[in-house]
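Colleague: Could you take me through the packing terms used for this model, and set each value against its cut-off?

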Amino acid sequence: MRQSLETSFSESNRASEYSRRVRANDGGPRDDIDAVAETWRRDGLSEPLIAMLEVGKRAGRITMLLQQALRADLAELGLTYAEFEVLTVLRREGEPYRLRPSELTRSAFLTSGGTSNVLQRLQKAGYVEREANAGDARSRFVQLTPVGLRVTERALAASADAHEEVMAGVPAGDVRGAADALRDLLLVIGRRRYR
């Protein structure tokens, strides 16, 4: 795995160097992050660090664009993006569409306080219910209600439309390649914990 990543980064650095020369010389396509990367170069940052920063900036920008494209549809359903995430995590579990709050927190990438607030709003809306855990009196389950499942299905359809709209014009092979490359990165960095 490590050798594969090193080879991939080495090839990527060669491609990036070529791409940078081509872009600098012929005015080829550039995005907003390229302009920021130029300032990092002027500031003397190393090319490997600049590549890392570009990955983070581009991943963040894609996430922002997808969330913006979805925001209006979620608002029509009375949902925030965090609420949508919690509902989809429960939906992915399959019937009976339930998890413990701690499992939801991990799967939705929220803090425990954030999960608690989201669950309160979803419960008030009638989209989830809390029920006792027969196997452990100290814990409870959170479960989608039938109404919550219907709203989740509508939100998932809106999410699919938003992704297709945002990614329109990007070749499917490029999307697949980006998804695979990001998975390779997350396999290395995704298990680390930071303060």
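Modeller: In α3, Ile62, Leu65, Leu66, Ala69, Leu70, Asp73 and Leu74 meet Ala155, Ala158, Ser159, Ala162, His163, Val166 and Met167 of α7, where contact means heavy atoms within 4.5 Å. This is a predicted model, in which local features need pLDDT of at least 70 and side-chain atom pairs count only at pLDDT 80 or more, while totals for chains, interfaces and linings use all residues. Residues are numbered from 1 along each chain as its sequence is written, and side-chain values use heavy atoms, with hydrogens and water left out.

Colleague: Why are α3 and α7 called oblique to each other?

Modeller: The axes of α3 and helix α7 (residues 146-167) cross at roughly 135° and come within 9 Å. Angles under 35 degrees count as roughly parallel, over 145 as roughly antiparallel, 65 to 115 as roughly perpendicular and the rest as oblique, and α3 and α7 are therefore oblique.

Colleague: What makes α2 and α3 roughly antiparallel?

Modeller: Helix α2 (residues 32-42) and helix α3 (residues 47-76) pack at about 150°, with their axes 10 Å apart, and they are therefore roughly antiparallel to each other. In this contact, residues including Ile33, Ala37 and Trp40 of α2 face residues including Ile50 and Leu53 of α3, and the residues divide into five nonpolar, no polar and eight charged.

Colleague: Why is α5 called roughly perpendicular to α6?

Modeller: Helix α5 (residues 101-108) and helix α6 (residues 112-125) pack at an angle of about 110°, and their axes are 9 Å apart; that makes α5 roughly perpendicular to α6. Pro101, Leu104 and Thr105 of α5 make the contact with Ser112, Thr115 and Leu119 of α6, a set that divides into three nonpolar, three polar and no charged.

Colleague: What sits over the ring of Phe141?

Modeller: The charged end of Arg98 sits there, 4.3 Å from the centre of the Phe141 ring; the definition asks for NZ of Lys or CZ of Arg within 6 Å of the ring centre and within 35 degrees of the ring normal.

Conventions: Axes fitted to C-alpha atoms, helices over the stretch in contact; angles between N-to-C directions. Helix = DSSP H or I, 4+ residues; strand = E, 2+ residues; numbered from the N terminus. Nonpolar A, V, L, I, M, F, W, Y, C, P; charged D, E, K, R; others polar.
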